[in-house]
Amino acid sequence: MTEQPVFLSNDVVARPLSYDDLIPRLEEVLGKFSRSDSSDVVQPVRSVIPIKNHSGFLGMMPAYIAHEDTLCMKMVAFYRREENLNLPSTQATVLLFNPEYGNVTVVMDGTDITHKRTAAVSAISAKLLMPAQSDVLCILGCGHQAFSHYEIFTQLFSFKEVRVWSRRLETAERFAAGVPGPVKVFSSAKEAVHGADIIVTVTTSSEPVLFGEWVKPGAHVAAVGACRPDWRELDDVLMRDAVIYVDSRDGAAVESGDIILSGADVFAELGEVLNGTRPALRNKTTVFKSLGMGIQDAVAAKLVFDKWKSSQ
Ligand SMILES: NC(=O)C1=CN([C@@H]2O[C@H](COP(=O)(O)OP(=O)(O)OC[C@H]3O[C@@H](n4cnc5c(N)ncnc54)[C@H](O)[C@@H]3O)[C@@H](O)[C@H]2O)C=CC1
Ligand SMILES: O=C([O-])C1=[NH+]CCC1
């Protein structure tokens, strides 16, 4: 009980974290979260403080998962950086506690956990909501999340074409050169999106980068950026015309500018679809508005720690 916490650096965390392990655990915990009669999963909406002098935010994301006896807290700092600063826009540290005593057992770098669990949840949304015949994937934004989304989407699904767009052409070209498969680089978001079956938005923009009139009817959008109540990635037309799914209704009502400012109704949480209590309307245009949840970090961190322990 009085032992010092272990520290796991990002290279140690990244190694054992596979999507095959992550996806079923994330599906299970999202389902439990969305069961109104379940006290198994406790997770308040993230509390966020602005870092006023530096245009950043610090988010605190605690979670307790009773059936796994996992008590976790992620602290995540995020900034809207200019691309040429070459600094990460998101940095995270995860603590796991001994739930019986409350002492910290492990401190781990949360970078890879954040990249992979976010992409894995978007992939779950795609599994449930993208058109049955999905040939074209389009990714808007070419930073860290774009890489993890590319990785899992191309692992899980077979696309005939993968397209990318970023605000600066050279960022998109660097992305295309850095991934193993063929990628078409576009200099216009509108052209990149044209005819795409699934669109992932992973930008740090606070203004819409995706407009409803560009989106093919029936397409699925996994919208990952814009995590402040006054930030947008999607315009009002898309928010009005699409069926809106979220990770957490409570989180979306407080944090998502796309939902709050458009006045769009939330149709379902992803967990409700996984539980079979709300339908997956695959034939409609769908948006999954992702904000990120502490329970997602908790299952990922527990997975990493268990694997690390068994390798010692
Ligand atoms: N939903 C979730 O669970 C999570 C969401 N995020 C969010 O995902 C987004 C992407 O994160 P990272 O890939 O780590 O960031 P990053 O900094 O590595 O990449 C950001 C990308 O956005 C592009 N961008 C920046 N400003 C833009 C603008 N005004 N218009 C169009 N594109 C612009 C950049 O060119 C870059 O390609 C961020 O908004 C971040 O807050 C991050 C972690 C978890
Ligand atoms: O869930 C998460 O870690 C984040 N969501 C938005 C910025 C970071």
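Good morning. Lys-127 forms a salt bridge with Glu-27, and their closest N and O atoms are 2.8 Å apart. The pair brings together distant parts of the chain, since Lys-127 belongs to helix α3 and Glu-27 to helix α2, 100 residues apart. A salt bridge here is a side-chain nitrogen of Lys or Arg within 4 Å of a carboxyl oxygen of Asp or Glu. Helices (H or I, at least four residues) and strands (E, at least two) are DSSP runs, numbered from the N terminus.

This is a predicted model, in which local features need pLDDT of at least 70 and side-chain atom pairs count only at pLDDT 80 or more, while totals for chains, interfaces and linings use all residues. Residues are numbered from 1 along each chain as its sequence is written, chains are lettered from A and ligands numbered from 1 in the order in which they are written, and side-chain values use heavy atoms, with hydrogens and water left out.

Buried means under 20% relative accessible area, exposed over 50%, and partly exposed in between (1.4 Å probe, protein chains only).

Let me turn to the domains. The assignment, which is automatic or from a database, gives domain 1 (6-113 + 295-311) and domain 2 (118-293). Their C-alpha centres lie 22 Å apart. In contact, meaning heavy atoms within 4.5 Å, are 27 residues of domain 1 and 37 residues of domain 2.

Across this interface the rule finds two salt bridges. It also finds 12 residue pairs in polar contact, both residues at pLDDT 80 or more. On the side of domain 1 that touches domain 2, α2, β4 (56-65), β5 (70-79) and α11 (294-310) each supply at least two residues. Helix α2 gives the most to that side, with eight residues. A polar contact is a pair of N or O atoms within 3.5 Å; within protein, one must be able to donate a hydrogen and the other to accept it, and residues adjacent in sequence count only if both atoms are side-chain atoms.

Next, Ser-122. This residue lies in helix α3 (residues 111-129) and counts as buried because its relative accessibility is 0%. The side chains of Ser-122 and His-149 are joined by a polar contact of 2.8 Å. Leaving out residues up to four places away in sequence, Ser-122 touches His-149, Phe-153, Ala-222, Val-224 and Phe-288.

Both His-149 and Phe-153 are among the buried residues of α4. The buried residues of that helix pack against α2, α3, β8 (136-140), β9 (161-165), α5 (169-178) and β11 (198-201).

How many salt bridges does the structure hold? The count is 17. One of them joins the side chains of Glu-161 and Lys-184 (3.6 Å, N to O). Here Glu-161 sits in strand β9 and Lys-184 in strand β10 (residues 184-186), 23 residues apart. Arg-232 and Asp-236 also meet through their side chains in a salt bridge (2.8 Å, N to O). Arg-232 is buried because its relative accessible area is 11%, whereas Asp-236, at 42%, is partly exposed. Finally, salt bridges that share partners connect Lys-74, Arg-117 and Asp-297 in one network.

Thank you.
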